[in-house]
Amino acid sequence: MATDPRLARDPRLTNTPPHPPPPPPPQEALSQQRPLDQSNGATPQPAQPRDGNDFRLKFCTVCASNQNRSMEAHLRLSLANYPVISFGTGSLVRLPGPSISQPNVYPFNSTSYDTMYTELNGKDPRLYRANGLLTMLERNRSVKFGPERWQDWAIGTPRLEHRDDRGSAGVEGGVVDIVITCEERCWDAVVDNLVEREGKLNRPVHVINVDIKDNHEEALVGGKAILELADMLNAAAKEERSRSGGEWRNGASGGGGSGFDERVPDIIATWQEKWPTLPALWTLAWF
């Protein structure tokens with residue numbers, strides 16, 4: 001079968017464990033390698049250090065279990081040198097088991113991707129390689145320690161223990177500029193949670209949903225689309241930052257922050273014309 005070392009293959013992640021997706025192509029072991037860029041099959045160059053003039057928005061990607069869609073987007077954004085973190089909004093991490101009534105269930109925050117990989121590989125390596133879980137977990141464990149839950153994130157608290165995660169440089173302070181969810185129910189959960197938190201940091205954050213079907217192939221397409229959206233948003237933020245002398249978010253002092261915020265819906269609309277099969281939602285919320 002064809003080798004696909006760029007992706008890990010993820011099951012659908014829902015509260016009711018679904019049937020496993022069709023078997024994906026296997027991949028070569030990634031644990032000591034950088035994944036490939038599936039857009040051209042070439043190995044991406046290691047991320048270069050950013051100089052002080054190379055402005056980057058800070059991103060957060062979110063799906064149900066922080067396994068498939070959010071991790072594909074996390075990886076792509078980190079390879080493009082964006083500061084990025086990722087989360088899931090479910091109550092538990094659920095992965096398909098030998099039957100629909102026997103899922104593999106793990107707690108957020110404390111279970112590593114490596115632990116999941118070792119456990120499933122010990123249980124039934126043929127099954128979990130065939131349904132893509134081992135391939136997915138190989139990718140995930142090259143990105144960060146394990147799945148994190150959005151509702152447990154202490155926004156504004158330094159994330160120094162995550163310094164080895166891909167994309168961690170720039171988000172050590174525990175805040176981001178853009179949150180991108182991958183399913184409408186995740187968008188709802190994030191927005192509702194931010195309302196409950198009452199915006200105590202008084203910091204604006206754009207919350208965008210890019211609706212991606214929860215299978216391996218669609219996660220790959222969605223990750224590419226999210227990266228393109230990130231590039232468009234970042235270009236606009238850099239323009240506003242240049243106009244305002246660096247204070248891109250501080251509209252109150254005559255800077256470009258309000259200009260960027262006002263441009264975001266139009267940027268999403270332009271992006272949506274190219275990606276009509278990935279319906280988008282947007283709101284401006286507060287940390």
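View 1. H162 is buried because its relative accessible area is 16%, where buried means under 20% relative accessible area, exposed over 50%, and partly exposed in between (1.4 Å probe, protein chains only). The residue lies in the loop between α4 and β5 (178-181). Helices (H or I, at least four residues) and strands (E, at least two) are DSSP runs, numbered from the N terminus. With neighbours within four places in sequence left aside, H162 is in contact with E148 and S168; contact means heavy atoms within 4.5 Å.

This is a predicted model, in which local features need pLDDT of at least 70 and side-chain atom pairs count only at pLDDT 80 or more, while totals for chains, interfaces and linings use all residues. Residues are numbered from 1 along each chain as its sequence is written, and side-chain values use heavy atoms, with hydrogens and water left out.

**View 2. Helix α4 and its cover.**

**View 3. Strand β1 and its two partners.** In strand β1 (residues 59-63), 5 of 5 residues are buried. In a regular strand the side chains alternate between the two faces of the sheet. From β1, F59, T61 and C63 point one way, whereas C60 and V62 point the other way. Strand β1 runs parallel to β2 (residues 84-88) and is joined to β2 by 5 bridges; two strands pair if DSSP finds at least two bridges between them. C60 has I85 of β2 as its bridge partner. The chain passes from β1 through α1 to β2 in a right-handed β-α-β crossover, meaning that, with the strands pointing away from the viewer, the path from the first strand over the helix to the second runs clockwise. Strand β1 is also parallel to β5, with 4 bridges joining them. Here V62 has T181 of β5 as its bridge partner.

**View 4. A nonpolar surface patch.** W282, L284 and W286 make a nonpolar surface patch of about 270 Å². Patches are made of residues with over 30% relative accessible area and no salt bridge, with like charges joined within 9 Å and nonpolar side chains (Val, Leu, Ile, Met, Phe, Trp, Tyr) within 5 Å. A salt bridge is a side-chain nitrogen of Lys or Arg within 4 Å of a carboxyl oxygen of Asp or Glu. Accessible areas come from the Shrake-Rupley method with a 1.4 Å probe, and for residues only the protein chains shown count as cover. L284 belongs to strand β7 (residues 280-286) and counts as partly exposed because its relative accessibility is 31%.
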